[in-house]
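Dear colleague,

I am passing on to you the structure that follows, together with my notes on what was found in it. Please read the notes with the structure open beside them.

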Amino acid sequence: MNIQCVVYVADVEYSFPTILSALQAREFSSPTSDVCILMSEHLDNFDELRSLLALRGVQLVDATEALQQALGRLDGSHFQGRISVSTMAKLVLCDVLPPHYTQILYLDGDTQIVSSLSELQNAYVPEGKFFAARDYTSIHDFLHCGKDSHYFNAGFLKFHRNGWIGPEALELFVKNPAACDGKHDQGALNYVCGSSLILVSSRWNFPKQFLHLVNSSSLSVVHYMAHPKPWHGTFFPWTDKESQVYVELRKAHPLFRSLYRGINLDRKALYKYRSLKERVAHTIRQNKFGPQLQGLFVGDYAV
């Protein structure tokens, strides 16, 4: 029985990209780690999809009732637009996952796994501790101001089941959401983390905004935080390669294709316009930040 799992939480809207990331995680994971997707909403054709993913080594779990029980007291007015209540699920994973999982690796569904996770999976997280990498804002401040911040992004977390600070962060959000600075789960976790945080290399949760500045061979997990998203097309700074994997997934099976959610032509045109502006700006700057970014991959990290 495996004690480690790679886990995702998805609503219907994010089920398609989450499946892609989970299949990549299975490909790049040790067989001693399970890979599972917890659905926070009921999904059409759930049983058929569960069987299809099981053939590929990914467990699909209907966690709607368990997550509703764990998160039902949250005020829905705090979650608007693209922010779903399911983003809080990482805080209560210990209430939902089977008890034999003690090493839990959580990933957001808008990630791509681009190289082996074995080094990360072999790194043991002590009780009461968790691994996380710097947030986009921390990296931006480091590049532009030289400020070294340990404010972390919550789209990648590895933690020991015993002593996980998620429930403490949830209590903070319930009682004092203003303390989270509008960042929901991420703001709450950063607020309460104290000495529990073990900062790890940015290679394990690399923001898409800086993809054009680094050698992709340095990366293991790319996080496509914020819009646009690669399953909606190719927009700078990523290439057709990063978008094509979603096209291939849609072609792989009608069930996968049915889960895809596209965007309208107006939004696509806006993203193309922004993409062109950013590409021109990058050409002018001539990658002045590249060496500094590469430096974030090495250092006194646990992994």
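**The second largest pocket**

Helix H11 makes the greatest contribution to the lining of the second largest pocket, giving 7 residues. Please keep in mind throughout that this is a predicted model. The pocket has a volume of about 500 Å³, and of the 24 residues that line it, Tyr 136, Gln 209, His 212, Pro 237 and Glu 278 are the closest to its centre. Two helices, H6 (136-145) and H11 (265-285), each supply at least two residues of this lining. Sorted by class, the lining of the second largest pocket consists of 13 nonpolar, 6 polar and 5 charged residues.

In general, an α-helix has 3.6 residues a turn, so residues three or four places apart point the same way. After H6 comes Gly 146, with a positive phi near 75°.

**The nonpolar cores**

The largest nonpolar core has 40 residues, of which Tyr 8, Ile 19, Ile 37, Leu 49 and Leu 53 touch the most other members. Elements that each supply at least two residues of this core include strand S1 (4-10), helix H1 (15-28), strand S2 (33-39) and helix H2 (46-54), and also strand S4 (103-107), helix H9 (240-252) and helix H10 (254-259). H1 provides the largest share of this core, 6 residues. Apart from this core lies another one, of 39 residues, with Leu 172, Ala 179, Leu 189 and Cys 193 among them. As a general background, nonpolar side chains tend to be buried together in soluble globular proteins.

Ile 37 illustrates the contacts within this region: leaving aside neighbours within four places in sequence, Ile 37 is in contact with residues that include Tyr 8, Ile 19, Ala 22, Leu 53 and Val 61. Gly 109, which lies in the loop between S4 and strand S5 (111-113), also touches Tyr 8, together with Pro 17, Thr 18 and Ser 21, when residues up to four places away in sequence are not counted. Gly 109 counts as buried because its relative accessibility is 8%. Although 87 residues separate Gly 109 from Ala 22 in sequence, their C-alpha atoms are 7.9 Å apart in space.

Helix H1 also holds Glu 27, which is exposed, with a relative accessible area of 59%. The C-alpha atoms of Glu 27 and Ile 263 are separated by 29 Å, and the two residues are 236 residues apart along the chain.

**Helix H8**

Helix H8 (residues 184-192) is largely enclosed by the rest of the structure, because 8 of its 9 residues are buried. Those buried residues are His 184, Asp 185, Gln 186, Gly 187, Ala 188, Leu 189, Asn 190 and Val 192, and what covers them includes strand S7 (156-160) and helix H7 (166-175). Gly 194, in the loop between H8 and strand S8 (197-199), counts as exposed at 59% relative accessibility, and its phi is positive, near 55°. Gly 194 and Ile 165, 29 residues apart in sequence, are 9.8 Å apart in space, C-alpha to C-alpha.

**Backbone points to check**

Most residues other than glycine have a negative phi, and most peptide bonds are trans. Against that background, which residues stand out here? His 184, in helix H8, has a positive phi near 55°, and at 12% relative accessibility His 184 counts as buried. Asn 45, found in the loop between S2 and H2, likewise has a positive phi, near 60°, but at 45% relative accessibility Asn 45 counts as partly exposed.

There are also cis peptide bonds to note. One joins His 227 and Pro 228, with omega about 0°, and another joins Phe 236 and Pro 237, with omega about 20°.

With kind regards

Note on methods
Residues are numbered from 1 along each chain as its sequence is written. This is a predicted model: local features need pLDDT of at least 70, side-chain atom pairs count only at pLDDT 80 or more; totals for chains, interfaces and linings use all residues. Side-chain values use heavy atoms; hydrogens and water are left out. On a 1 Å grid over the protein atoms alone, a cavity is a set of points where a 1.4 Å probe fits but cannot get out, and a pocket is an open set with protein on both sides within 12 Å along at least five of seven lines; lining residues have an atom within 4 Å of a point. Grid points are joined across faces, edges and corners, and a volume is the space filled by probe spheres set on the points. Helices (H or I, at least four residues) and strands (E, at least two) are DSSP runs, numbered from the N terminus. Ala, Val, Leu, Ile, Met, Phe, Trp, Tyr, Cys and Pro count as nonpolar, Asp, Glu, Lys and Arg as charged, and the others, Gly among them, as polar. A nonpolar core is a set of buried Ala, Val, Leu, Ile, Met, Phe, Trp, Tyr and Cys residues joined through side-chain atoms within 4.5 Å. Buried means under 20% relative accessible area, exposed over 50%, partly exposed in between (1.4 Å probe, protein chains only). Contact means heavy atoms within 4.5 Å.
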